[in-house]
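This report sets out selected features of one protein model for computational use.

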Amino acid sequence: MKNTSCPLNSSDFRGRFLPPVYIIVFIVGLVANGWGLKSLLHNWKKLKIINVSVLNLGLADILYLLTLPFLMVYHFMGGKWIFGDAFCKITRFCFHLNLYGSIGFLTCISVYRYLAVVHPVRVMGKLTLARSVGISVMVWVLVSIQSLPDIFYPKTFENNTEQSCFDSTSDTYVESYLNYTLGRTLTGFCIPFLITLGCYGHVIVVLCRTNTTDKVLKQRSLKLLFILILLFSVCYIPYHVFKNLNLWSRVLLKQEICTEWSNGVYIARQISCGLVSLNSALNPLVYLHGHEDIPAQLRQLFQQACQKFSRPPPTNSGSVPMAQIAEEL
């Protein structure tokens, strides 16, 4: 139904919701990824084939996290972008590199795990470190090519001498951008998601049927499957669904067709933008799964914290200090 008095979506919710999420993601993500990358590089000689993808996953997260302070300033200033058109495009390009690079490397990890469990004899000696590095380079190249067209769409808009930085594009090109986004959703998200589900579905079936399989291997595979389901369910699926729905509502609005769900989709879209940024803070869970030394390091840090902040009783020779209890945990 056509109507020329369609209600406009307010950006107030975005300005209240996204900055706190970005602050949390920036702090947690930077600490967790920095620590995880340091641990991987410290054990470089022990680097396994699958950890090459984990390393690149961390680099993709760091790349995006470094752009978050500029987005915080943007939202704290009420949607006023002061860093110029070129840097706006660079910021959005880094976001898409992180998003689809993360999905790509998580898919590689899933395929590696599938080959190691289901076809261990066939891949023995074939999956070398050099080939794993080559596959990682290929992922970066494909993701870059996939995200490159995005920078040719207008990203900034002048309004009363103030400049906004779109995460999509202006209404003038919204139809073309919707088609581009649908294609990127298919190739950058749907296909990798189906590959990941197929790999881990087969892995779980094989592990459950084989009674001689190591229990530790089963537990690790189930944990990694849970992590991947968490990442896709919380971060990736809502983002792609509501981004495309929001673009579609903008196309309809441009044609003066009002829909009752457009405002709800807009709010859900902003929530999904916050959720998708959480992937940079949740991806380090892959470090905890894939690196054997990290859980031990966590326990050591916890014990050190207990020793630092605990206080022994003032006077009681028979009591046991809290620091000693922490050491025994």
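## Basis of the model

A residue is called buried when its relative accessible area is under 20%, exposed when that area is over 50%, and partly exposed in between, with a 1.4 Å probe and protein chains only. The model is predicted, so local features need a pLDDT of at least 70 and side-chain atom pairs count only at pLDDT 80 or more, whereas totals for chains, interfaces and linings use all residues. Residues are numbered from 1 along each chain as its sequence is written, and side-chain values use heavy atoms, with hydrogens and water left out.

## Overall composition

The protein chain contains 13 helices and 2 strands; these elements are DSSP runs numbered from the N terminus, helices being H or I with at least four residues and strands being E with at least two. Of the chain's 329 residues, 42% count as buried. A contact is defined by heavy atoms within 4.5 Å. Among contacts between residues at least 6 apart in sequence, 79% join residues at least 24 apart.

## Packing around helix α4

Two helices that pack against α4 are described here. The axes of α4 (residues 85-118) and α7 (residues 174-209) come within 9 Å and cross at roughly 25 degrees. That angle makes α4 roughly parallel to α7. The axes are lines fitted to C-alpha atoms, for helices over the stretch in contact, and angles run from 0 to 180 degrees between N-to-C directions. Angles under 35 degrees count as roughly parallel, those over 145 as roughly antiparallel, 65 to 115 as roughly perpendicular, and the rest as oblique. α4 passes α7 in a left-handed crossing, a term used if the near helix is turned anticlockwise from the far one by less than a right angle; clockwise gives right-handed. By class, the contact of α4 with α7 has 15 nonpolar, 6 polar and 2 charged residues. In this classification Ala, Val, Leu, Ile, Met, Phe, Trp, Tyr, Cys and Pro are nonpolar, Asp, Glu, Lys and Arg are charged, and the others, Gly among them, are polar.

Helix α2 (residues 49-65) packs with α4 at an angle of about 165 degrees, the axes being 9 Å apart. α2 is therefore roughly antiparallel to α4. α2 also passes α4 in a left-handed crossing. By class, the contact of α2 with α4 has 15 nonpolar, 4 polar and 2 charged residues.

## Cysteines and the disulfide

With a disulfide taken as a pair of cysteine sulfur atoms within 2.5 Å, the count comes to 1. The bond joins Cys-88 to Cys-165, with an S to S distance of 2.0 Å. The torsion about this S-S bond is about 90 degrees, so the disulfide is right-handed. Because Cys-88 lies in helix α4 and Cys-165 in strand β2 (residues 162-165), the pair ties together parts that are 77 residues apart in sequence.

Cys-88 is buried at a relative accessible area of 0%, and Cys-165 is buried at 3%. Cys-199 is likewise buried, at 8%, whereas Cys-190 is partly exposed at 29%.

Asn-283 occupies the loop between α10 (279-282) and α11 (285-290) and is buried, with a relative accessible area of 1%. Setting aside residues up to four places away in sequence, Asn-283 touches Leu-57, Asp-61, Ser-102, Leu-106, Leu-231 and Tyr-236.

Leu-65 belongs to helix α2 and is buried at 0% relative accessibility. Its C-alpha atom is separated by 8.9 Å from that of Ser-277, a residue 212 places away along the chain. Apart from neighbours within four places in sequence, Leu-65 contacts Val-25, Phe-26, Gly-29, Leu-30, Asn-33 and Ser-280.

Arg-14 lies in helix α1 (residues 12-42) and is partly exposed at 23% relative accessibility. The C-alpha atoms of Arg-14 and Gln-270 are separated by 6.0 Å, although the two residues are 256 apart along the chain. Gln-270 is also in contact with Arg-14, as are Pro-19, His-75 and Tyr-266, leaving aside neighbours within four places in sequence.

## A positive phi angle

Glu-256, a residue other than glycine, has a positive phi near 60 degrees. Glu-256 is found in the loop between α8 (215-254) and α9 (262-277) and counts as partly exposed at 40% relative accessibility.
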